[in-house]
Amino acid sequence: MRKRILAVAGYVAAALTLFVALSVPFVLMGGIAKAFAQAGFNLAPVYSGGTVARTIERNGYRIQVYQPVRPRPFQNGEPFVQVAFVPASALPAQICEEIDLDGYGRPDVRVSFAVPSNPQTPMRGDVQALNDRYDTLTGIGADSYSRFLARTGDRIVLRIPLPRHD
Amino acid sequence: MASQASPTMSAPAFRSVGRSMLLTVPMALWSLLMFTPSFLHAGPDSRIACGVVAAFMTVLFYQMMRTGTTYRWRRYFFVALGLLFPVGFIASLVAVRGSMSIPIERMVSGDTPFCYMVTPMLIIPAALTRTLIFPGSILPTASNPHSIAAMIGIWLAMTLVLGKAWCSYACFFGGIEEGFAALPKHARIRKLDPRFRLAPWAILLAVVLLSAVMFEPVYCMWLCPFKTVTEFPAVRDAETALQFGIFVALFLGLVVALPLLTKKRTQCGFFCPFGAFQSLFNKINVFDIRFDRTKCVDCGSCRSACPTMAITAESVREGKTLLNCMKCGACVDSCKKDAAVWHVKGTAVAGKPERARLLFLYGAWAMATMFGGSVLAHGVATLIHFVARN
């Protein structure tokens with residue numbers, strides 16, 4: 001009797017597997033993807049830049065200053081703070097901005113770069129430190145996750161390294 | 001000593017043409033259902049590709065029904081998948097970004113297509129910090145339709161159906177080495193240390209723990225042989241040059257040279273951590289391969305035919321395969337005594353193996369047609385486009 005019950009259960013499970021297979025493209029795949037997307041996961045900040053701390057409004061565009069990103073103890077890379085200029089399509093041909101990175105009310109760096117009309121053109125820019133907590137950097141491009149200037153979609157992303165001890 | 005049995009030898013007809021066609025009808029309809037939307041909304045290259053692939057998948061299934069064998073026909077599909085996936089993928093990369101290398105700005109903008117190989121490495125960081133350590137996007141975007149959520153959805157749904165059979169019916173990398181393993185008539189290296197089969201578990205443990213500690217997908221950054229035929233971080237410095245060198249060396253060694261020498265899927269059997277991860281799902285999958293001890297004569301042909309060394313003398317004595325069996329059907333097709341059989345857990349081993357095979361194959365082939373079929377169609381369309389342009 002037990003063998004028979006097990007056999008029936010096995011075949012029922014096999015038939016269910018077939019049912020699952022047929023429902024994959026219509027229901028299951030999208031359902032799992034939707035549930036996963038709503039589960040509240042975030043991308044690692046070293047890739048995404050972290051979360052926006054504050055937004056500075058300018059004439060026709062915005063400057064988003066992100067929370068500082070600090071690598072975990074054994075993670076590669078340097079700490080950095082991300083600044084995004086959005087939308088890239090509304091930016092003037094030349095950007096020269098003094099930006100308060102830490103939110104203490106005083107500008108920390110002066111950022112300057114040319115905005116190329118062709119989105120594919122590699123970018124280079126300079127960051128001039130306005131206090132001794134930051135380093136002056138010249139010719140920043142898409143060098144590393146923490147020293148970065150490039151157009152990504154309709155925004156220009158700048159990443160400025162932070163001192164490790166900060 | 002058992003000879004290096006070839007499960008690909010032609011088998012005598014098993015079913016009548018009419019009955020085989022009848023059994024193929026559901027799969028033909030499924031192929032139509034899967035390819036019709038692409039057919040209706042695509043250009044002429046893709047239409048031809050969809051038609052060719054739908055016919056290809058249906059004919060292979062018919063042959064499985066007609067001959068009663070599985071491995072040979074599945075292998076045609078699987079090798080085609082392994083060959084055509086890089087064709088379509090590389091062509092897309094070159095069209096979008098001009099090269100196979102992924103520049104850092106693409107990673108920052110979340111444009112890296114998600115690869116299921118990363119899945120086991122995501123688990124610990126996601127569980128502890130709700131953070132996904134992959135430079136993609138969670139939801140599909142215009143520039144990256146292969147988002148993390150979409151690919152996790154496909155992987156989990158298919159894993160529920162296939163278990164470890166993912167490695168035989170869905171993985172678009174395994175076909176490359178299966179193709180190389182099929183080329184020589186005989187294996188030059190026949191004796192392989194059985195402890196090699198434990199290596200994927202060790203690598204899985206190492207990359208999962210290291211990824212959790214280093215907060216990056218370590219396997220993808222350092223060890224994935226298939227970066228060579230897909231995409232890899234742009235070589236910018238000594239570190240990225242070393243990474244690329246490792247990818248190429250592993251590809252040439254594990255995916256090309258060793259399969260040619262051993263006639264085994266050496267990357268899958270002795271290296272792939274994702275394969276080890278998928279083995280765990282064999283525990284919950286209802287299908288497996290069993291050995292009927294009343295028929296087995298211990299000839300060793302099943303052990304010899306198994307491409308991943310998932311069968312040992314002890315496991316045959318126990319009537320089972322090892323956990324890493326990927327249900328490719330090589331052992332069943334090579335067994336002249338019909339001792340190796342498809343099986344539904346809970347049922348008698350000597351019961352109705354063909355019923356178990358059919359129940360498994362309908363699900364597995366439906367998945368192969370849905371997922372692999374679209375990849376094949378993309379590859380074929382790319383080839384047609386390339387030939388027509390030149």
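This is a predicted model: local features need pLDDT of at least 70, side-chain atom pairs count only at pLDDT 80 or more; totals for chains, interfaces and linings use all residues.

Residues are numbered from 1 along each chain as its sequence is written, chains are lettered from A and ligands numbered from 1 in the order in which they are written, and side-chain values use heavy atoms, with hydrogens and water left out.

Over all chains there are 17 salt bridges, each being a side-chain nitrogen of Lys or Arg within 4 Å of a carboxyl oxygen of Asp or Glu.

Select A:Asp102 and A:Arg133 to begin, a salt bridge whose closest N and O atoms are 2.9 Å apart. A:Asp102 sits in the loop between strand E5 (94-99) and strand E6 (109-114) of chain A, and A:Arg133 in the loop between strand E7 (125-129) and strand E8 (137-140), so the pair ties together parts that are 31 residues apart in sequence. Strands are DSSP runs of at least two residues, numbered from the N terminus. A:Asp102 is partly exposed at 22% relative accessibility, and A:Arg133 is partly exposed at 30%; buried means under 20% relative accessible area, exposed over 50%, and partly exposed in between (1.4 Å probe, protein chains only).

Next select B:Arg106 and B:Asp111, whose side chains form a salt bridge at 3.1 Å, N to O. B:Arg106 is buried at 18%, and B:Asp111 is buried at 10%.

Finally, return to chain A and select A:Arg124, A:Asp143 and A:Arg147, which are joined into one network by salt bridges that share partners.

Technical notes: Helices (H or I, at least four residues) and strands (E, at least two) are DSSP runs, numbered from the N terminus.
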